[in-house]
Amino acid sequence: MSVNYGSKRVVVGAHYGLRDWLAQRITGVLMVLFTLAVLGQVLLTSGDISYDKWAGIFSTQFMKALTFSVFIALAIHVWVGVRDIWMDYVKAVGLRLVLQVFTLVWLVSCLGWAIQVLWRL
Amino acid sequence: MTQLAKKRPEFRNINALTDLPSYRLPAAGIVSILHRISGLLMFLLLPFIIWMFDTSISSEISFAKFSAAFNVGLGFVPGVLVKLVALALIWAYLHHMIAGIRHVYMDVCHAVTKEFGKSSAVATLVLSLGLTAALGAKLFGLY
């Protein structure tokens, strides 16, 4: 176990790597399945995609629940991925913290908007 | 590795501007850096993606606004530019997804040979660029 207290406490990096590594893969697979589910319904639609057909795809309770899960999965997936980028390229701890906070605010704001759009449908 | 005290080798003789452009990146390396770039691009364009979801799905009127953004334009932004941004997102999504599937396949099947790394990387590039071209042609009304 890494030291998590005292003067040798590790304060940077992702020292809980396996959990995030696994989360990123599972959320990724979920998003691929969602993509296939939506794409399949779009491709099975005959003729032009009208508003009714497009909104109809997301109108069932099953698709709403699935889409909701995918939004959460997307946020987790992006958080792990974008944080990886900051950890790899931004070495200044202060700037990295600012970027990570920006990432979280950006993601949570987008998530709120997306969920609002979905559930008022 | 439990503490940061463990020293890792550092290479400080690589200059990003003079050395990196002449480095020959293998196909797997190109897929890897594009995976990163496409991911960051989609992260930054997330509000636009949700805007598209919002306008396309909220009502008939907003759906018309959504269509008009691509055909006529959005405010001062011409429709062609909106289409180009959408095309960039299509590429980013396809590349990120296919490269991601490659990743998961390698993790699950322990497919870590040098040959498979190269051939699957080339397949990723061909597939993602091919599909992007096909969907881009549809987006710009070539068929």
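In which hand does α1(B) cross α5(B)? The crossing of α5(B) by α1(B) is left-handed, a term for a near helix turned anticlockwise from the far one by less than a right angle.

1. This is a predicted model, in which local features need pLDDT of at least 70, side-chain atom pairs count only at pLDDT 80 or more, and totals for chains, interfaces and linings use all residues. Residues are numbered from 1 along each chain as its sequence is written, with chains lettered from A and ligands numbered from 1 in the order in which they are written.

2. In chain B, helix α1 (residues 27-44) and helix α5 (residues 114-139) pack at about 50°, their axes 8 Å apart. Axes are lines fitted to C-alpha atoms over the stretch in contact, and angles run from 0 to 180 degrees between N-to-C directions. α1(B) is therefore oblique to α5(B).

3. Ala27(B), Ala28(B), Ile30(B) and Val31(B) of α1(B) make this contact with residues of α5(B) including Gly117(B), Lys118(B) and Leu125(B); contact means C-beta atoms, placed from the backbone, within 7 Å. By class, seven residues are nonpolar, two polar and one charged.

4. The largest nonpolar core has 13 residues, of which Leu74(A) and Val78(A) touch the most other members. Such a core joins buried Ala, Val, Leu, Ile, Met, Phe, Trp, Tyr and Cys residues through C-beta atoms within 7 Å; buried means 20 or more other C-beta atoms within 10 Å. α3 (61-89) and α4 (93-119) of chain A and α2 (46-57) of chain B each supply at least two residues of this core, and α3(A) gives the most, six.

5. Beyond its neighbours within four places in sequence, Val78(A) contacts Leu107(A) and Phe43(B).

Notes:
A residue is buried if 20 or more other C-beta atoms lie within 10 Å of its own, exposed if 12 or fewer, and partly exposed in between; C-beta atoms are placed from the backbone. Helices (H or I, at least four residues) and strands (E, at least two) are DSSP runs, numbered from the N terminus. Two residues are in contact if their C-beta atoms, placed from the backbone, lie within 7 Å. Angles under 35 degrees count as roughly parallel, over 145 as roughly antiparallel, 65 to 115 as roughly perpendicular and the rest as oblique. Ala, Val, Leu, Ile, Met, Phe, Trp, Tyr, Cys and Pro count as nonpolar, Asp, Glu, Lys and Arg as charged, and the others, Gly among them, as polar.
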